[in-house]
Amino acid sequence: MNRDFYITTPLYYVNGEPHIGHAYTTILADVLTRFGRLMGRRVHFLTGLDEHGQKVSQAAAENNKTPQQHCDEMAVTWTNVWKKLNIEPDDFIRTTEPRHEQVVIEFLNRINEKGDVYRKEYEGWYSVYEERYFTEKDLIDGRDPISGRPVERRKETNYFFRMSKYQEWLIKHYKKNQRAIRPRSRLNEVLGYLKQPLGDLCISRPRSRLEWGIPIPWDDDYVTYVWFDALINYFSATVSPPEGKEVSWPADLHLIAKDILTTHAVYWPIMLHAAGYEPPRQIFAHGWWLDKDAAKMSKSEGNVIKPLDLVDRFGPDVFRYYLMSEMTAGMDANFSLDSFVRRVNSDLANDLGNLYNRLARLYHQFGWAKYKDSRPTTTSFEEDPFEVPGELRDSVEFVELIENLVDNYEINLAIGHIMSVVNRINRHIERWEPWKSARERPDETAWAMLEAIDYLDRVAEMLAPVMPEKMATLRQWIRDGVRMPGKDQQLFPRIDIRELQLKQPESPAAVASPPLAASEPPEISIDDFAALDMRVGVIREAERIEGTDRLLVLKVDIGVEIRQVVAGIAASYRPQELIDKRVILLVNLKPVRLRGIASRGMILAAVKEQNIALLTVDHDIEIGSRIS
Ligand code: ME8
C-alpha cells in the first residue's frame with residue numbers, strides 16, 4: 001500500500017493547444033493520483049510535452065518561430081491549461097530539456113554498444129503527417145493507414161533498432177503478466193499484433209531533412225526519431241526528478257488512449273528490455289472522446305476546443321466531474337453540451353447541491369448544533385434512517401469498494417456509487433420529513449440529520465479527487481457550523497442550456513415511445529383513461545444498451561411479475577441510481593422491440609426539453625397498486 005506509485009500521461013505534441021482528449025487523460029491521471037493519496041499511497045505523477053520531430057518543427061515554421069521559441073511558448077499555454085483544470089503533476093517534463101536529452105543519448109549508446117543497432121538503406125512509403133514509413137501492405141488505398149493522408153516513396157539510409165530480436169520475449173512477458181495491459185481487450189489486440197513477425201524500428205532521421213531532434217550520438221548527420229526520443233521521457237524523469245521529489249523506475253502505470261497502444265505496448269517495453277531496464281508494470285488505454293457525429297475529437301480533425309471553453313464559464317470541477325462520469329473504462333464516449341448540462345444539473349445542482357442546502361437550512365432552523373454533544377455513539381434507531389449501505393456505515397468497507405473500482409479504472413462507477421449515497425439520503429429525508437418529525441421526535445431527528453451531515457462530509461471526501469476545489473469548500477462549510485451559502489454562493493449553480501447559446505441540433509432524449517408531449521391532446525372520457533393500466537413498480541435491474549446513449553433496459557417488479565422495459569432515460573439517470581426506485585409503469589401498452597430488445601410497458605416521466613424526471617408515489621404503497 002505504502003510504496004511509491006508512479007503514474008504517467010503521454011507527452012503531448014506541442015503542434016497545437018490542448019483539447020478535451022488531452023484534458024481527459026491528464027485529469028484521469030490527476031484523479032488517480034489524488035485517489036491514491038487518499039488511500040495512503042505515495043504517488044508520483046508525471047506529464048509533459050513532446051517537442052521534437054517534424055510536426056512540431058512544421059508548426060513552428062507556420063508561426064514564423066524557431067522550434068525552440070514555439071515550444072517555449074506552447075509550454076506556457078499547456079501548463080496554464082493544466083493549472084486552470086486543477087491538475088497538479090509532481091513533474092512536468094519537456095523533451096527539449098537537457099535532463100532528458102542526456103538520458104536519451106545514454107540510452108542510444110547502451111543499445112548500440114550491445115549490438116542492437118545497425119545502419120541500412122531503406123525504401124518505403126513515408127507519411128509526413130505520421131512521420132513514419134509504412135510498408136506496401138500497411139497502406140490503405142495507397143494512403144497512410146492511420147491518418148488517411150498521402151504517402152510518398154522515399155529512400156534513405158538510417159539506423160535501425162533490432163526490435164524483432166525481442167518479439168518472443170515480449171510475447172512471453174505479456175502471457176505471464178496478463179494485467180500489464182488494461183483493459184483486457186487491448187492486451188488481446190497487442191498479442192494479435194505480435195502474431196505477425198515484428199520488423200525492426202527505424203530510429204533515426206537524416207539531419208538533411210529534419211534538424212529538430214536529439215543528435216544520434218555516434219553520427220552527427222542524424223537526429224533521433226521522435227517516438228524513440230519521447231518514450232524515454234518516462235524513464236529520464238526518474239533519473240533527475242524535481243527537487244524534493246523521489247521516484248524510481250519502473251513506472252506503475254502509463255495512461256494513454258488507444259491510438260498510441262503499439263508504441264507503448266510494443267516498442268517501449270522492448271526498448272527498455274534491450275537497454276537492460278524493466279518494462280512498465282501496467283498500461284491502461286482508454287477510449288476516445290467523440291463528437292456527436294462520432295468523429296474523434298482532436299486538433300487534426302479540426303472539431304476541437306469548445307469543450308475546454310466550458311471550464312472558463314463553469315470552473316474546472318464540474319468539467320472534471322463530467323469527463324470522469326461520462327466515460328466507461330476502455331470505451332469511447334460522446335461529448336455534447338446537452339450531456340454536460342444534464343450531468344451538472346442533475347447530479348451536482350439537484351442531488352448534491354440541494355442536499356447540502358436542505359440540510360443546512362434545517363440545521364439552523366431547528367438548532368441542531370446543540371444536539372452534537374448528546375449524540376449516541378451508535379445509532380439507536382430501530383431502523384437505519386437512511387438505509388445507507390452497510391459498507392458506508394463501516395467506512396473501511398466503503399473505501400475498499402471505491403478503491404477496487406478505481407483500481408479497475410471504473411471511475412464512473414465509483415462516482416455513481418458515491419452519488420448513490422447522496423440519492424439515498426435525499427430520498428430518506430423526503431420520507432422522514434424531518435421538518436415534521438423535528439417537532440414530534442426532536443432528539444432522534446436531530447441525531448439522524450447530524451448523521452446525514454457526516455455522510456455528506458464522507459461523500460465530499462471521496463469526491464475530492466474529482467472535484468478538489470468544490471469538495472474542499474463543502475467540507476469547510478460543514479466545519480464552519482454547516483454554513484448557509486448565500487444565493488450567489490451556490491456550490492453548483494444550475495446551468496441553463498439556453499444561456500450557452502450553442503444549442504445543438506441533437507434530438508432531445510425522450511422516453512422511448514410513444515412521444516409524451518403530443519402537440520394538442522384530444523379530450524378524453526374517464527373510460528378512455530380507465531383503459532390505461534398503470535401500476536406502481538420497483539426497478540430491480542438497470543443496464544445500458546450498447547451503442548446508444550439514451551436507452552436503458554430495466555427490470556421492473558410489479559408484484560405479480562417482473563417486466564422488461566426499454567426506456568429512453570439514460571441521459572438523466574445512471575443505471576445504478578435507478579435500482580430500488582419506485583416508478584409508474586403503463587403495463588397494458590402493446591409490446592414492442594427497441595434495438596432488438598423486447599419492451600413490455602412504459603415508464604412514466606415528466607419531460608421538459610432535455611430534463612427527464614421519473615414519476616413516483618408520494619409514500620409507501622404496495623408494489624403493483626393501480627393508478628386511478
Ligand atoms: O501521440 N480522446 O501526442 P498527442 C481521448 N506525442 N484521448 C485523446 C483524444 C481523444 N479524442 N485525443 C488525444 C502523441 N487524446 C505523442 C505521445 S508519448 C511518449 C508520445 C489523448 O498530442 C490521449 O491520451 O497526439 C492520446 O493517447 C494522446 O492524447 C495523444 O496525444
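A residue is called buried here when its relative accessible area is under 20%, exposed when over 50%, and partly exposed in between (1.4 Å probe, protein chains only). The model is predicted, so local features need pLDDT of at least 70 and side-chain atom pairs count only at pLDDT 80 or more, while totals for chains, interfaces and linings use all residues. Residues are numbered from 1 along each chain as its sequence is written, and side-chain values use heavy atoms, with hydrogens and water left out.

Rings of Phe, Tyr and Trp (its six-membered ring) pair if their centres lie within 6.5 Å; planes under 30 degrees apart are stacked, over 60 edge-to-face, and the rest tilted. By this rule there are 27 aromatic pairs. One of them joins Phe 235 and Trp 249 edge-to-face, at 5.8 Å centre to centre and 80 degrees between the planes. Phe 235 belongs to helix H8 (residues 233-239) and Trp 249 to the loop between H8 and strand E12 (253-257), so the pair ties together parts 14 residues apart in sequence. Helices (H or I, at least four residues) and strands (E, at least two) are DSSP runs, numbered from the N terminus. Both Phe 235 and Trp 249 are buried. Phe 235 also forms a tilted pair with Tyr 277, at 4.3 Å centre to centre and 40 degrees between the planes. Tyr 277, by contrast, is partly exposed, at a relative accessible area of 21%. These three residues belong to a cluster linked by ring pairs, whose members include Tyr 6, Phe 107 and Trp 268.
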